[in-house]
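Let's take a walk through this fold together.

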Amino acid sequence: MTLAGGRLPTFFLIGAQKSGTSTLHRLLQQHPEAFLCDPKEPHYFSDPTQAARGMDWYRSLFPGADQAGAVGEASTTYSMYPHYAGVVDRVVDAVGAPKLIYLVREPLARMRSAYLHALTWGSETRPIGQALREDPRYLQTSCYALQLEQWLRRVPREHILLLSLDQLRDAPDDL
């Protein structure tokens, strides 16, 4: 979809967090027919503070995307339901039914990595066992079927590419 100020995404890299999204984002940026916005994770459809900046601000993240065959963004919060509810409806209402790349990882390894990431950034201080028991976001983000169900309500199954971190690591050129 082209609007004044730039194109909107035709695809979204929706996560899951700590499943290789940064690596896949870098690989996609190198493709001559793809354009990915900067910053990597604008969280426009999940964060009310970002959404308050308006659609013109969001479009401004895609300068020069008019000639790209595929235009995308990568916000892992788009697959963190129910912590971020309503994302799917906001995306589809804004851009139609986009293509999605949903990258997953072995659930316990993903949860441990998310915990270590939060610990490093200072947003987590509890011991890992306590944090994983008390904060449902660690588990819910690894409930991949739950996350996909949200998208399948509004996006056709054939628009969703499901990849694992193992596939990305073992054969990135085959993707």
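How many aromatic pairs does a search of the whole structure find? The search turns up 11 aromatic pairs, where rings of Phe, Tyr and Trp (its six-membered ring) pair if their centres lie within 6.5 Å, and planes under 30 degrees apart count as stacked, over 60 as edge-to-face and the rest as tilted. One of them is Phe12 with Phe45, an edge-to-face pair at 6.1 Å centre to centre with 75° between the planes. This pair ties together distant parts of the chain: Phe12 sits in strand β3, while Phe45 is in the loop between β4 and α2 (48-51), 33 residues apart.

Before going on, a word on what you're looking at: this is a predicted model, in which local features need pLDDT of at least 70 and side-chain atom pairs count only at pLDDT 80 or more, while totals for chains, interfaces and linings use all residues. Residues are numbered from 1 along each chain as its sequence is written, and side-chain values use heavy atoms, with hydrogens and water left out.

Phe12 counts as buried because its relative accessibility is 0%; buried means under 20% relative accessible area, exposed over 50%, and partly exposed in between (1.4 Å probe, protein chains only). Phe45 is buried too, at 3%. Phe45 also meets Tyr44: the ring centres are 5.0 Å apart and the planes stand at 90°, so this pair is edge-to-face. Tyr44 is buried as well. Zoom out and ring pairs link a cluster that includes Phe12, Phe35, Tyr44, Phe45 and Trp57.

Now for the sheet. Five strands make an open sheet in the order β4-β5-β3-β6-β7, with parallel pairing. Helices (H or I, at least four residues) and strands (E, at least two) are DSSP runs, numbered from the N terminus, and two strands pair if DSSP finds at least two bridges between them. At the edges are β4 (34-36) and β7 (160-164), each pairing on one side only. From one strand to the next, the twist averages 25°, with axes fitted to C-alpha atoms, for helices over the stretch in contact, and angles running from 0 to 180 degrees between N-to-C directions.

Strands β3 (residues 11-15) and β6 (residues 99-104) run parallel and are joined by four bridges; Gly15 has Tyr102 in β6 as its bridge partner. Helix α8 (residues 144-152) packs on the sheet, touching β3, β6 and β7 (contact means heavy atoms within 4.5 Å), and its direction makes about 175° with that of β6.
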